Amino acid sequence: MQTWKPDLAALAGPKYLAIAQALARDIAAGTLSAGDRLPPQRVLAETLGVDLTTVTRAYGEAQRVGLIEGEGRRGSFVKDKRQAPSPSGVDHDDPGMNAPPLVVGGSLADAFRKTAGALLASDGGAALQYQQSGGMPPVREAGANLLRRRGVAAHEDSVLVAAGGQHALHAIFSVELKAGDRLVVSGFVYPGLLSLARRYGVSLLAVHADAEGIDPDALDAACAAEDVRAVYLVPTNDNPTTATIGLDRRKAIAAVAQRRGLMVIEDDAYGLLPESPLPPIAAFAPEMTWHISSVSKILSPGLRVAWLRAPDIAKAWRLAADMHETAIMAPPLNAAVVANWAGDDTFARLVGEVRAEARVRQALVGKCLPDDSFRAHADGYHLWVPLPRDVDAAPIAQALRPHGISAIPGDAFAVDRAAAGPALRVSIGGMLARDRLERGLNLLGALIGPGAPRKISLV
């Protein structure tokens, strides 16, 4: 259907996203069918009166989410959704997810088998049943113990068990924030947070942030100028920018929160990955801070277990009801297994395996990419790659995808897309083998290094 002309009148946002959304809409409505050939990019650009790059980005976005596929000179076609999935039913190259690396010679699967078997043999199957609101007491206590080791005041009644960090964030937004509340963030934010803000009508207020994260003075100035309800932070290895807030700055942010009566949402997804973790902000402003610590980003996304530490017991149990309504409970067997690991050295050993693999992969990054072309945490598994103003990130991300490199244009994380400079969030974890990762990184280096092409033709 080379005559397809999308109606963009009702679609807001950047033009390239509007075109991609129109594609999704027309495919769902049956206007476009599997196998239909789309107009050539240049033809559609002329039809819509937009720049060719806009259509290139739109087709790239549509291909990224699986709506269409490119067949070289033949053009772009609507993808057949009936195509067989990968053997596990999951696209392991999905660039939308930033998962821990598959550890070469790792012991996670074996540890899970052994611990789960022992638990099921000893508890009569209790870990396979519905659990009380807030989570099993031993699991809550395990989370409190982990926090106490990091200097945070916590006990069983103030810690809840969530089905992952996003579940915990959803509960906080649902109970503690209301439409019109202002939430301070940095300029680039985890997309799950952006989605929650849109859903609940929370206004995001981006303040100055540098290589160390949000500037406490900028946070304080925002509170003085606006009626600010809360601040959201990923204090260690921020997703996407990789910034880590240093100890002194953590204390300064805590002081601002206490002085201004500011709620702190501390999404510490990567906090336990470094060999010597920094104390959370919750250690310095416990009465102001909702602290989230999950295992999805430090062990495996399949475990779906997170601990949510509330500022006080009353708030914890107010949230427990909401969490029960939205997801009933975290997977109880997974939660019991993780709690068991946290009671001995297994948890630290498994996290150490992920850390060691991340360091190996970071060494490959340093070998393949130009100096000063990216930012990364030494123990992390994603990169932040700023690009020159005249470079379009979307074609680079699309070029990397067949090579297994998960890359997302930076504007997907931007609070203000129009003001965001081009960048990429590149994941080097997941199921990607080291040799394939190295080949993909070499391609990325070629696409961003000196003399790299400013335009990349993909279709």
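**Entry 1: Gly106**

I located Gly106 in the loop between strand S2 (76–78) and helix H4 (108–123). I worked from a predicted model. I then looked up the accessibility of Gly106: its relative accessibility is 39%, so I recorded Gly106 as partly exposed, since that value lies between the cut-offs of 20% for buried and 50% for exposed. I also looked up the separation of Gly106 and Lys367, which are 261 residues apart along the chain; their C-alpha atoms are separated by 24 Å.

**Entry 2: helix H9**

I checked the length of helix H9 (residues 247–260). With 14 residues at 1.5 Å a residue, H9 should span 20 Å, and its end C-alpha atoms are 20 Å apart, so the two values agree.

Which residues of H9 are buried? I listed Arg249, Arg250, Ile253, Ala254, Val256 and Ala257. Viewed down the axis of H9, these buried residues fall within an arc of 155°, and therefore they line one face of the helix. On the face turned away from the buried side I found the exposed residues Asp248 and Arg259.

I next noted what covers the buried residues of H9; the cover includes helix H8 (216–225) and strands S6 (209–210), S7 (213–214), S8 (228–233) and S9 (263–267). After H9 comes Gly261, and I recorded its phi as positive, near 65°.

**Entry 3: helices H6 and H7**

I compared the axes of helix H6 (residues 165–176) and helix H7 (residues 191–200): they come within 10 Å and cross at roughly 30°. I noted the crossing of H6 and H7 as right-handed. In the contact, H6 supplies Gln166, Leu169, His170, Phe173 and Ser174, while H7 supplies Gly192, Leu193, Leu196, Ala197, Arg199 and Tyr200.

Technical notes. Residues numbered from 1 in each chain as written. Predicted model: local features only at pLDDT ≥ 70, side-chain atom pairs only at ≥ 80, totals over all residues. Heavy atoms only, no water. Helix = DSSP H or I, 4+ residues; strand = E, 2+ residues; numbered from the N terminus. Buried < 20%, exposed > 50% of the residue type's maximum accessible area, 1.4 Å probe, protein only. Expected span 1.5 Å × (residues − 1). Arc of directions from axis to C-beta. Contact = heavy atoms within 4.5 Å. Axes fitted to C-alpha atoms, helices over the stretch in contact; angles between N-to-C directions. Left-handed = near helix turned anticlockwise from the far one by under 90°.
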